[in-house]
Amino acid sequence: MQDAHTTTDPGDAAAASPSLPEMEQCRILGVYSMSKQTKTGQGGTSRAYDQKTYWFIRRSPEGDYYVQALNANAIPSGPVTPVTKGEFLSNYQPEAGYYEKRCLPFIESLKKKIALAEKHLSEDDLDGAEKEFLKALLLDEKHPKANIELGKIYLDKGDGRKLAAALRRIFSIDVLFMEQERHLFNEFAISLRKEKRYAESVSFYEKALERNADDENLHFNVARALSESGDAAGAMRHLDQALALNPGFEQARRLLGHLRSAVPPEENQAHPEVTVPKEAAP
């Protein structure tokens with residue numbers, strides 16, 4: 001099997017497909033607002049006012065609705081959340097012209113910066129790419145691709161200080177570890193492992209597992225990072241979990257067999273063979 005998305009490596013497991021539909025397939029409904037009454041002060045000095053927030057709304061071909069908050073630059077940013085048709089109709093009010101007048105100019109500017117950064121990357125111009133990705137973050141500090149690509153650039157440059165700062169920023173962006181961005185953090189975690197930054201790679205996968213503990217590919221990839229770092233026992237625990245979730249996962253079975261043959265017998269007792277149900281046996 002090939003590496004998840006980047007280089008050829010038969011050992012890495014590909015990230016699972018996102019559960020949300022491809023957003024490009026969704027129809028843009030525009031910007032809607034949601035009002036919530038909020039109180040300030042106490043007793044006789046208290047007063048109530050409406051707090052309005054703005055949301056970017058899309059509808060899938062199946063008729064499902066997805067909402068995403070706008071940031072300070074009127075750019076859709078952060079998690080994409082599904083809502084029912086009833087919730088959409090009850091809670092969101094259309095803001096005529098808001099998307100075209102306020103959002104689109106910033107969205108187009110952001111797209112151009114990302115495209116130019118990618119062009120620099122294709123030409124191996126890391127400095128140029130870094131400059132454009134940083135400009136993109138001024139518009140959307142939580143932009144998944146810009147943050148991950150900056151991390152890769154600092155990794156390639158060997159700039160430990162900037163890489164540490166990028167990792168702190170990445171770990172604070174929960175949306176990066178959600179299903180729809182799985183391929184981005186999977187690629188970066190693999191890159192970290194290949195550069196022998198095992199602690200950071202393991203931390204990436206463990207954060208992802210907090211959101212989806214039932215993904216056998218995540219368990220396998222964290223096992224690879226642990227095994228290469230010398231933690232055979234930790235690797236075997238994750239391989240056991242991967243095989244419990246998918247008994248037909250041959251990559252995991254082969255790595256587990258290799259690790260068992262390389263550790264003392266007393267350590268193997270904590271990791272007995274995983275029983276494969278007959279219907280799932282290869």
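1. A contact here means heavy atoms within 4.5 Å. By that criterion, and not counting residues up to four places away in sequence, His238 touches Leu209, His219, Val222, Ala223 and Leu226. Please keep in mind throughout that this is a predicted model.

2. Staying with His238, you will find this residue in helix H9, which covers residues 232–245. Its relative accessibility is 13%, so His238 counts as buried.

3. Next, the aromatic residues. A pair of aromatic rings is described by the distance of the centres and the angle of the planes. The count for this model comes to nine aromatic pairs. In one of them, Tyr54 and Tyr98, the rings are 4.7 Å apart centre to centre with 20 degrees between the planes, and the pair is stacked. This pair links distant parts of the chain, since Tyr54 belongs to strand S2 (residues 47–59) and Tyr98 to helix H2 (residues 98–122), 44 residues apart.

4. Are the two partners buried or exposed? Tyr54 is partly exposed, at a relative accessible area of 27%, whereas Tyr98 has 14% relative accessibility and counts as buried. The cut-off for buried is under 20%.

5. Tyr65 sits in strand S3 (residues 65–69) and Phe88 in helix H1 (residues 85–91), so the pair ties together parts 23 residues apart in sequence. Tyr65 is buried, with a relative accessible area of 6%, and Phe88 is likewise buried, at 6% relative accessibility. Both residues also belong to a cluster in which ring pairs link Tyr32, Trp55, Tyr65, Phe88 and Tyr92.

6. Leaving aside neighbours within four places in sequence, Tyr98 is in contact with Val31, Tyr54, Leu70 and Cys103.

7. How many disulfides does the structure hold? The number is zero. Among the cysteines, Cys103 is buried at 0% relative accessibility, and Cys26 is buried at 8%.

8. Finally, the backbone. Most residues other than glycine have a negative phi. Asp124, although not a glycine, has a positive phi of about 60 degrees. Asp124 lies in the loop between H2 and helix H3 (126–139) and is exposed, with a relative accessible area of 67%.

9. Lys196 also has a positive phi without being a glycine, at about 65 degrees. Its place is in the loop between helix H6 (182–194) and helix H7 (198–211). With 61% relative accessibility, Lys196 counts as exposed.

Notes:
Residues numbered from 1 in each chain as written. Predicted model: local features only at pLDDT ≥ 70, side-chain atom pairs only at ≥ 80, totals over all residues. Heavy atoms only, no water. Phe/Tyr/Trp six-rings, centres within 6.5 Å; stacked < 30°, edge-to-face > 60°. Helix = DSSP H or I, 4+ residues; strand = E, 2+ residues; numbered from the N terminus. Buried < 20%, exposed > 50% of the residue type's maximum accessible area, 1.4 Å probe, protein only. Disulfide = S-S within 2.5 Å.
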